[in-house]
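Here are a few friendly notes to read alongside the model.

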Amino acid sequence: MTISGKIARTVRDVAAYREFSLFIVLVVVSLIMTMVSDVFMNKANIEAILLGLSVEATIAVGMVILLISGGLDLSVGSTLAFTGVVCGLALTVLKLPAVISILLGLLAALGIGLINGLLVSKLKINPFIATLGMQITVRGLTLVLASGKAVLNLPASFTVVGQGRLFGVQYPIYIMLTLVIVGDLLMRNSRFFRQSYYIGGNEKAAGLSGIPVDLVKIFNYCLVALLAGIAGIMITARFGSSSLTVGTGVELRVITATIIGGASLSGGEGSVFGAFLGALFMGVLANALNLLGMDIYWQNLVTGLILIIAVVVDVLNERRKSRQK
Amino acid sequence: MSDMTADRVGVLETPLNEPLWQVRGISKAFPGVQALEDVSMDIYPGEVHALLGENGSGKSTLAKCIAGVHQPEKGEILFRGRPVRFHHPMDARAAGVATIYQEFSLVPSLTVAENIYLGRYPRNSAGMIDWPAVRKGTRQVLEQLSLAIDPDEIVRTLSVAEQQLVEIAKAISLESNLLIMDEPTAALGLLETQRLMELIRRLTAQNKAIIYISHRLDEVFQIADRVTILKDGRRVASEPISKLKMGDVVRAMVGFDIQQHYPKERHVRDEVCLEVQGIRTENGVNDVSFSVRVGEVFGLGGMLGSGRTEIARAIYGLDKIVAGKILLNGRQVVFNSPREAVAAGVGMVPENRKADGCFFNFEGPKNITISRLKELLQGPFLSLLKEREFGELYLKRMNIPATALERSVQYLSGGNQQKVILARWLFSQARILIMDEPTQGIDIGAKLEVYHVINELTASGISIILISSDFPELLAMSDRVAVVRDGKILHITQSEQMTEYQLIGMASGAGTSDEIE
């Protein structure tokens, strides 16, 4: 093979990665937006975009890992609200310090993840059904726990988590970026996390090859719940109150982001970085449509179309590959 | 079934001395294998026509050609002397062919009655499904089989034997003149088998024809009127059973082909590495004992459903051992999962490599490294560079195309996929490897390569438990062979002291070689 041929092949290989094509699309959209709007590239606007997607992107890190292992969690939105309320009640009713309250909230989230994991791996309940049940149950539990009222007036020692700034940038953005980078690194290079790809690719073969399938699955359900809990803490701290309806529908937005980012509902495919780009794409798109003065309803329409296009591109790619044979 | 319905599908019109169905010189090829070549058989009304042959000899393919599942490339099928052409199983069914397949065709979540009438529910005057008629019809069919099963029972809750009987009930409830039974007794106990025999006699008394496929020669000699024997896709005999002795049948099944050359090397050492002592499991392994030496290939020979795969499952930690014990290098081990078996140096090449072995979301290297990711650790992380190097090394060593470095193993041939799985266990440094049908469905060249890998493995002191339905292969590649039947080991011997003829005789229940002679 000639050098130029080699380069051409490398370019084609890289281009085949979803992360790459998504990145290019993001750059193009950003360039266009910079030209047509003088607000888009402002620090304030960029920070708003990132802050806006911090909740989705944080959960997406866990969701994509779960999807890669062949799982699914529809209860993350409820877990998010539940964590916020547990944390808020610990702060206001029990008068516990912020750190303890946060840990309590995260522990509650982990408990939900553990139940999801056990239902799916040990009792072999379909993940869609199990976590749909948990979504409704946990939302109900949240309402019962808070007697149907939001927990207001959270102390400053807690709200600083969502509102404080480092080098002029709000904490949630750091938290999100750290989780994305660490998550991506682990999925690419850690022995434990690699196992999720094997399980999602062929669960039976993974078990026969000596992978602790149930353990990894339970871990992944706990992880996504924990990240939903972290997102819940961030958003509660940002608003200064524990809302009971916060996080409604977040699970579908998160799954959409991961699929746009290259994950597949049948497992074995996807990456944390791709999921982040998917979330970023949805955030940028919403912002762009907003700046262009388009009606908010266009957002759903465009996001939906992008999701379908992403999946169609996948299918066509797959067909092309199998024809090459 | 009333005479009128029977007449509609042509039983009464056919004189007993003329063939009802005729298969004329049909051939059928699948990628890499000529499954049938120029096969003919005549099926007379009111006869049980046994179709015999070794695993892979083409029996099921022939049955599926008659049932319209496969379309033969050459030859024709005649019904009452007139050529018919089936493009779909429904065509064959319309012509009066009902089939009981080896793999169940029942819908587990439906009731017995719903399954029996699936796709042909009777309607009442209002155009709705006539449920009382469905139940009544079902009860009648079940009574014919002396079956005490509630028509409203959900199929999933039935035992495997009961499901098999429902499958049979479904087939006999169809208006048919020919019933094809592919291994109908594989899941049945003695009593149920006897009931099935009685039913078959009642059906033939109605002048229906039966094609009876079975590995169990004792049954065949009990029920069949005529026997057709296939060997490597060709017909080697077709005779009334009264002209044959069991020994003739076995000899015809084995054939007198020149033995294929197997590159067997012997590397057996003295030390025993695995001892299995009187193990039992809930799915049929019954007091099995044997030992395997370092570098030995220990063959498990038996028919489908004999319990050979179940023995392997028990050793690999897939099924719970309820009695007996396993010693690995002299120390007792209990594996609760394959994970523990793998950690102790036991590996398994599963029978169904696509469904149970390959990861299509990955290219070659990651398919190979899975069982010993530890080896790739550099500090806390996996070294992807090392993974690629190992991948390259093992692909080359196993003679797998280098394209597997970059592309999903999905695009490899079956033989190369199998070699990827063998490479996995080579890489994982397993000491004992269970191979379940390692050469099934792969071409001759790849088979030879698998044999060479077996030699290479045993030379390096790895022991192999080999399961194969290809008996010549099993005898040639094993150092010792155990004959398995009904979950028990009947006999263990040096493989050169056993002929294929004896092995088939014992595994099929025809008796020991002396009894056959």
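Two residues count as in contact when heavy atoms of theirs lie within 4.5 Å. Please keep in mind that this is a predicted model.

1. Let's begin with Ile464(B). This residue sits in strand 20 of chain B, which spans residues 463-467. Leaving aside residues up to four places away in sequence, Ile464(B) touches Glu296(B), Val297(B) and Phe298(B), along with Leu433(B), Met435(B), Ile454(B), Leu457(B) and Thr458(B).

2. Is Ile464(B) buried or exposed? Buried means under 20% relative accessible area, and Ile464(B) counts as buried because its relative accessibility is 0%.

3. On to chain A and helix 7, residues 156-163, where Phe158(A), Thr159(A) and Gly162(A) are buried. Viewed down the helix axis, the buried residues of helix 7 of chain A fall within an arc of 90°, so they line one face of the helix. Their cover includes helix 4 (76-92), helix 5 (98-121), strand 2 (169-170), helix 8 (171-189) and helix 11 (213-239) of chain A.

4. A word on confidence in chain B: its mean pLDDT is 85, and 92% of its residues reach 70 or more. Over residues 1-8 of chain B, the pLDDT is below 50, and this stretch has 11 contacts in the model beyond near neighbours in sequence. Residues 513-517 of chain B also have pLDDT below 50, with 10 contacts in the model beyond near neighbours in sequence.

Terms used. Residues are numbered from 1 along each chain as its sequence is written. Chains are lettered from A and ligands numbered from 1 in the order in which they are written. This is a predicted model: local features need pLDDT of at least 70, side-chain atom pairs count only at pLDDT 80 or more; totals for chains, interfaces and linings use all residues. Side-chain values use heavy atoms; hydrogens and water are left out. Buried means under 20% relative accessible area, exposed over 50%, partly exposed in between (1.4 Å probe, protein chains only). Helices (H or I, at least four residues) and strands (E, at least two) are DSSP runs, numbered from the N terminus. The arc is that of the directions from the helix axis to the C-beta atoms. pLDDT is the predictor's confidence in each residue, from 0 to 100.
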